[in-house]
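Work through the following exercises with the sequence and the model side by side.

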Amino acid sequence: MEALECIKTRRSVRKFTEEAVSREQMAEVVAAAAYAPSWKNTQTARYNFVTDKEKIARLASDCMMDFAYNQKTASHAPALVILTTITGRSGFERDGSFSTSKGTHWQSFDAGIAAEAFCLAAHAHGLGTVIMGVFEESEVRKVIELPEGEEVAAIIAIGHPAEQPQAPARKDVDTLLRVID
């Protein structure tokens, strides 16, 4: 799949078939996503692949802050990816000081880039994804053991799409692009 086609045809998929996502498929997607740019090449993104049905059910029911839309999506997904990021690296100098006035902003920025690279790689491999940001990290940590020094950046439902959603309308390029001479 060509890069522009992948970007333009990837959609947030919220309905999946029951077909499992294999560890091999996940490894291929993560191997591609590893090429996402990051602050000074820190590569802080980690992809925690959850396939256990009981854990998925608990993540959906206990961690989505009663947001029914995400609870439904997560509970029907064959797998969830808990995207974490290593703290204290993106945006920091080796001595622990911030490199810019943006402070810890770069950690979220890098996680967002990693999430998009992951979703594009999944799409290129025929898988559907949706990034979910409404969750309570302390509740996620009660369901899955995560390493100290990592924060949950997003939860991504992944599976074989049961639908191909249409693209929502996009803003006009003249609205988005500002040319500064």
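Axes are lines fitted to C-alpha atoms, for helices over the stretch in contact, and angles run from 0 to 180 degrees between N-to-C directions. Helices (H or I, at least four residues) and strands (E, at least two) are DSSP runs, numbered from the N terminus. The model is predicted, and for this reason local features need pLDDT of at least 70 and side-chain atom pairs count only at pLDDT 80 or more, while totals for chains, interfaces and linings use all residues. Residues are numbered from 1 along each chain as its sequence is written, and side-chain values use heavy atoms, with hydrogens and water left out.

**Exercise 1. Describe how helix α3 is placed against helix α4.**

Step 1: the axes of helix α3 (residues 53-63) and α4 come within 8 Å and cross at roughly 175 degrees. Step 2: α3 is therefore roughly antiparallel to α4, given that angles under 35 degrees count as roughly parallel, over 145 as roughly antiparallel, 65 to 115 as roughly perpendicular and the rest as oblique. Step 3: Ile56, Ala60 and Ser61 of α3 are in contact with Gln71, Ala74 and Ser75 of α4, where contact means heavy atoms within 4.5 Å. Step 4: this contact has three nonpolar, three polar and no charged residues; Ala, Val, Leu, Ile, Met, Phe, Trp, Tyr, Cys and Pro count as nonpolar, Asp, Glu, Lys and Arg as charged, and the others, Gly among them, as polar.

**Exercise 2. In what order do the four strands of the open sheet lie?**

Step 1: the order is β1-β2-β4-β3, with antiparallel pairing, and two strands pair if DSSP finds at least two bridges between them. Step 2: β1 and β3 (128-132) are at the edges with a single partner strand each, so one side of each has no neighbour in the sheet. Step 3: β1 is joined to strand β2 (residues 79-86) by six bridges, and phenylalanine 49 stands opposite valine 81 in β2. Step 4: α2 lies across β1, β2 and β4 (150-159), at about 165 degrees to β1, whereas helix α4 (residues 68-75) lies across β2, β3 and β4, at about 145 degrees to β3.

**Exercise 3. Where is serine 38, and which residues does it touch?**

Step 1: serine 38 is in the loop between α2 and β1 (45-50). Step 2: leaving aside residues up to four places away in sequence, serine 38 touches Gln43 and Asp110.
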